[in-house]
Amino acid sequence: MENILELHHVSKTFPKSDFKLDDVTFSLPYGTISGFVGENGAGKTTTIGCIMNTIIKDRGTIKLFGREMGDEDTDMREDIGIVYDGDNFPSYWTALQLSQVMEGLYTRWDRSLFQKYLDDFCLPGRQKIKHYSKGMTMKLALAAALSHHPKLLILDEATSGLDPVMRDDMLDLFLGFVQEEDHSILLSSHITSDLEKVADHITFIHNGRIIMTVSKNDLVYRYAVLRCKESQFRALAPSDILAYRKRDFQIDVLVPDGKEAVRKYKDVIADHVSVDEIMLLLVKGERI
Amino acid sequence: MKGLMKNNFYAVLANAKVFSIFMIILGIFVAAVISQSLLIGYVMTGMVGFSLNAAAVAKNEYVSKWGKYKLTLPVRRADIIKSMYLNHSFWLLIGAAFSGTVTGISWFLHGCPFDIPMDILTMFVLGISISLFMGAIFFPLFYLGGAERNEVFLIISLLCAIGIDLVIVTVVNDLTEPGITSILTGLVVLSASSLLAFVLSYPLTLSIFKRKEY
């Protein structure tokens with residue numbers, strides 16, 4: 001069993017909306033962090049909803065730890081920690097009340113570990129959550145997600161709203177979490193620079209469809225954007241083009257192998273590509 | 001289940017504290033004066049008020065993402081719904097305890113506050129019945145219609161519960177001869193029907209909740 005999470009051909013339609021999740025397939029190997037990227041409304045939260053059964057999928061299979069998770073499989077949810085964007089917990093609670101509730105829900109709830117996170121994150125345990133800042137509520141959610149010793153962390157925009165220093169601390173925490181070989185993180189985020197720092201793989205979703213999954217190594221060392229003139233663009237073989245976008249005086253072309261492209265097309269300039277740029281090209285660009 | 005019960009308890013706690021203070025002050029007054037109608041009002045307020053509080057805070061979970069988050073916890077959807085019904089029953093018992101204490105004190109100070117002691121039982125059965133019918137109607141409506149309609153569902157369920165009780169009492173009175181048998185029949189029918197409605201409401205709410213997506 002290599003993957004902690006596997007989605008195969010997962011689809012979900014919403015009768016009152018034009019949006020649908022269409023044939024979503026990707027996997028998350030053990031011991032890795034996978035970034036899940038897409039614009040607002042691309043289907044990230046819906047996909048996470050299908051994984052966690054808060055949304056009921058129409059078709060496809062989702063395997064966690066090698067098996068499908070139903071409502072009855074509470075033992076599987078013991079191994080999952082989740083953080084949603086925004087207020088995860090009722091605002092009238094204190095962190096200590098949260099701990100007491102969680103203690104009655106998780107068999108492996110570690111009160112001392114939770115207290116350690118509260119201390120590390122400078123979160124007052126007796127203060128009501130409604131008096132916390134956004135950053136503090138996110139830290140609290142992360143502390144809660146980690147304090148029952150999960151194997152899989154699912155983070156839905158968990159770093160949004162945090163300042164760069166705080167985000168950096170979080171990312172260090174994530175990297176520490178996956179030091180255990182059987183731990184993994186699915187990190188959905190708009191902040192692509194975070195993913196570049198910690199993700200081993202990045203999956204791009206657009207309009208409910210997975211458009212690309214790429215390893216960070218490939219992203220850094222292989223993928224590139226060719227800056228072409230019109231004539232240079234016409235000379236490119238269609239099989240080399242993943243996506244392209246016409247700008248004022250040039251055409252940006254996403255290619256899967258920058259070095260190979262430079263060898264093959266002598267005059268073009270190849271730049272390293274960022275996650276942001278890939279996303280823009282895949283979402284706003286055109287395909288052949 | 002323990003965690004869910006704690007969750008529900010904390011949800012009601014802040015409102016319940018305020019309501020308890022109100023009930024204590026009102027209780028002192030009701031116990032001090034001799035007034036049958038005041039005592040009836042107090043008992044009904046206690047029985048229905050606490051469980052009404054419990055139902056009223058159900059929407060708070062959906063103000064935050066906690067309602068959705070709960071589904072990712074190691075609990076079944078059935079447990080979540082079960083905990084709501086147990087919480088409703090728990091606060092009904094708290095209300096009954098307040099009402100019972102004040103009725104007891106009133107009796108101790110002034111003698112039996114009603115013509116016959118059976119009337120006290122009638123009053124309590126009526127209160128419990130209204131509370132149970134209210135819960136039985138409210139929970140399915142809440143999960144069917146969504147948290148944003150919480151207040152209107154509360155009003156509807158409370159009015160329906162009172163209406164059902166009035167219909168039952170009227171029908172029993174019409175079908176039976178006045179007397180102790182009529183009162184006892186009324187009590188049995190009220191208790192049994194409200195309890196049955198409350199119990200049957202659970203699978204209905206669960207079937208609705210199992211289809212809910214967040």
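Visitor: How far apart do the C-alpha centres of domain 1 of chain A and domain 2 of chain A lie?

Guide: They lie 33 Å apart. Keep in mind that this is a predicted model, where local features need pLDDT of at least 70, side-chain atom pairs count only at pLDDT 80 or more, and totals for chains, interfaces and linings use all residues. Residues are numbered from 1 along each chain as its sequence is written, and chains are lettered from A, with ligands numbered from 1, in the order in which they are written.

Visitor: Where does each domain run?

Guide: Domain bounds come from an automatic or database domain assignment. For chain A, that assignment gives domain 1 as 3-217 and domain 2 as 222-284.

Visitor: How many residues does each domain bring to the contact?

Guide: Two residues are in contact if their C-beta atoms, placed from the backbone, lie within 7 Å. Here domain 1 of chain A brings 11 residues and domain 2 of chain A brings eight.

Visitor: Which elements of domain 1 of chain A supply at least two residues each to that side?

Guide: Look for α7 (192-198), β9 (201-206) and β10 (209-215) of chain A. Helices (H or I, at least four residues) and strands (E, at least two) are DSSP runs, numbered from the N terminus.

Visitor: How compact is chain A as a whole?

Guide: Chain A has 11 helices and 14 strands. Its radius of gyration is 21 Å, close to the 19 Å that the globule rule gives for 288 residues, so chain A is as compact as a globular protein of that length. The radius is taken over C-alpha atoms, and the rule is 2.2 Å times the number of residues to the power 0.38.

Visitor: Which residues have the most contacts inside the largest nonpolar core?

Guide: Such a core is a set of buried Ala, Val, Leu, Ile, Met, Phe, Trp, Tyr and Cys residues joined through C-beta atoms within 7 Å. Buried means that 20 or more other C-beta atoms, placed from the backbone, lie within 10 Å of the residue's own. The largest core has 143 residues, and A:Leu142, A:Val253 and B:Phe138 are among those with the most contacts inside it. Helix α6 (residues 118-145) of chain B gives the most, with 16 residues. Both domains of chain A also give residues to this core, so it lies between them.

Technical notes:
A residue is buried if 20 or more other C-beta atoms lie within 10 Å of its own, exposed if 12 or fewer, and partly exposed in between; C-beta atoms are placed from the backbone.
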